[in-house]
Amino acid sequence: MSRSLADWLSYLEQLHPTAIDMGLERVRVVADRLGLTRPAPKVITVTGTNGKGSTCTFLAALLSGQGLRVGVYSSPHLLRYNERVRIAGEQAGDDQLCVAFEAVEQARGEVSLTYFEMGTLAAFWLFERAQLDAAVLEVGLGGRLDAVNLVDADVAVITNVGLDHAEWLGTTRDSVATEKAGIMRTGRPVVCGDLQPPLPLLQRARQLGAPLSLRGRDYDLAVTDQGWDWRGIDAQGETLELHGLSQPSLPLENAALALQAFALLGLPWQERSIRQALSAARLLGRIDRRSLCWRGRELALLMDVGHNPHAAQYLAGQLTERPVTGRRLAVFGLLADKDLEGVIEPLLPLISHWAVAPLPTGRSRSVADLRTALLEHGAAVSEHADVCAALEAQCERALPGDEIVLFGSFYTVSEALDWLNRR
């Protein structure tokens, strides 16, 4: 009897002794058996501590705006696994994914693969059969040893370098940068959005003769009264400029980064389609503003998957730029391996009340930990059984002019989206 997608995903979770097993040897063996070579004629690989998802979204929009058929592989998902594999703007169907998983399962034989490795090979298998013009691949963890790094990209993109996943990537920016620099290839262009790129990243680009475009040197952005301006360079090093761009819904620095990567692909520079693509780019759960009706009252909700200090600082900046007439009420949950102090610190002055809750995973930080950390800073806190209960409590508390800010993890946003859909 054939497996459903839910059956496959359950099976994949049990397949390997550990959820993460860094290294390309096993996954390369299976890729060779499947005859996988290249998911598309043009490939962009994206890594970084924050902003990978929005950078991939901008890139896909820019490429699609040229009339290209584009595949996007990203992780994690918020509501359905299908979100991870998108072909020509559509999520892969259950049947497509099941067929791809079956192909990988048949090919792997005695080779043990993780959930992510199986998913990556399945995505590549589908992409090779979809007759794509371009593929945008988001690295799952690190870069050098991530399954996505099987592919030699035409352009490598490093959004920024911060501290996260310390048990795998190390506890310094230099160690993280070394792992992320692993997606570079000899002679192929690299774009880095970090304003202070660590030395190992610069050294690796030099060693490989990989032309490196840096923000503030080779490309940059400026906010103006008319919107924002961008300047960068094309593959020949010629200057490109765009003026009076409209403000996108996703982070501006990731729009600028994606533009520079796009400029290096040697595709036609069609200003009108570029402008349209940037302004139309949307991504579920990233600075995601919604309004909901609660007991006859219209409430404002902002959801963001931000779960580390860099993302929290960005979120704080967004809140500061758009003040509300009332208060801000937080719904907050965090994984145990995240920097709790670093995440709450930028937001403490902006939040009037915190509703904290555990996440639906064994990796969740305890509510007691969240509450203690916030109380030490003099914050008003309430504890709740789960994210949905915390959100409902803040809906009850909210007055006209207030905004509910829900953040801290993909799990937090996923629970809230599920709650909104049920309503």
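A salt bridge is counted here when a side-chain nitrogen of Lys or Arg lies within 4 Å of a carboxyl oxygen of Asp or Glu. The model to which this criterion is applied is predicted.

**First stop: Arg-365 and Asp-369**

Select Arg-365 and Asp-369. Their closest N and O atoms are 3.9 Å apart, and the pair forms a salt bridge because the cut-off is 4 Å. Arg-365 is buried, with a relative accessible area of 17%, whereas Asp-369 is partly exposed at 37%. A search of the whole structure returns 18 salt bridges; two others are visited below.

Six strands form an open sheet in the order 12-13-17-14-15-16, with mixed pairing. Its edges are strand 12 (288-294) and strand 16 (381-383), each of which pairs on one side only. On average, neighbouring strands of this sheet are turned by 25° against each other, direction ignored.

Within the sheet, select residues 328-332 and 353-356, which are strands 14 and 15. These two strands pair in the parallel sense over four bridges. Ala-330 stands opposite Trp-354 of strand 15.

Helix 11 (residues 309-321) touches strand 12, strand 13 (297-304), strand 14 and strand 17 (403-407). The direction of helix 11 makes about 165° with that of strand 17. Helix 13 (residues 367-376) touches strands 14, 15 and 16, and its direction makes about 170° with that of strand 16.

Keep strands 14 and 17 in view and show the side chains of Glu-403 and Arg-328. They form a salt bridge whose closest N and O atoms are 2.6 Å apart. Glu-403 lies in strand 17 and Arg-328 in strand 14, so the pair ties together parts that are 75 residues apart in sequence. Are the two partners buried or exposed? Glu-403 counts as buried at 6% relative accessibility, and Arg-328 counts as buried at 5%.

Helix 5 is mostly covered, with 13 of its 15 residues buried. Just after the helix, Gln-131 takes a positive phi of about 50°.

Centre the view on Leu-121. Which residues does Leu-121 contact, leaving aside neighbours within four places in sequence? They are Val-27, Val-30, Ala-31, Leu-36, Val-104, Leu-113 and Leu-150.

**Last stop: Arg-33 and Glu-110**

Finally, select Arg-33 and Glu-110, a salt bridge with its closest N and O atoms 3.0 Å apart. Arg-33 lies in helix 2 (residues 25-34), and Glu-110 lies in the loop between helix 4 (94-108) and helix 5, so the pair ties together parts that are 77 residues apart in sequence. Arg-33 counts as partly exposed at 41% relative accessibility, while Glu-110 counts as exposed at 64%.

Technical notes
Residues are numbered from 1 along each chain as its sequence is written. This is a predicted model: local features need pLDDT of at least 70, side-chain atom pairs count only at pLDDT 80 or more; totals for chains, interfaces and linings use all residues. Side-chain values use heavy atoms; hydrogens and water are left out. Contact means heavy atoms within 4.5 Å. Two strands pair if DSSP finds at least two bridges between them. Axes are lines fitted to C-alpha atoms, for helices over the stretch in contact, and angles run from 0 to 180 degrees between N-to-C directions. Buried means under 20% relative accessible area, exposed over 50%, partly exposed in between (1.4 Å probe, protein chains only).
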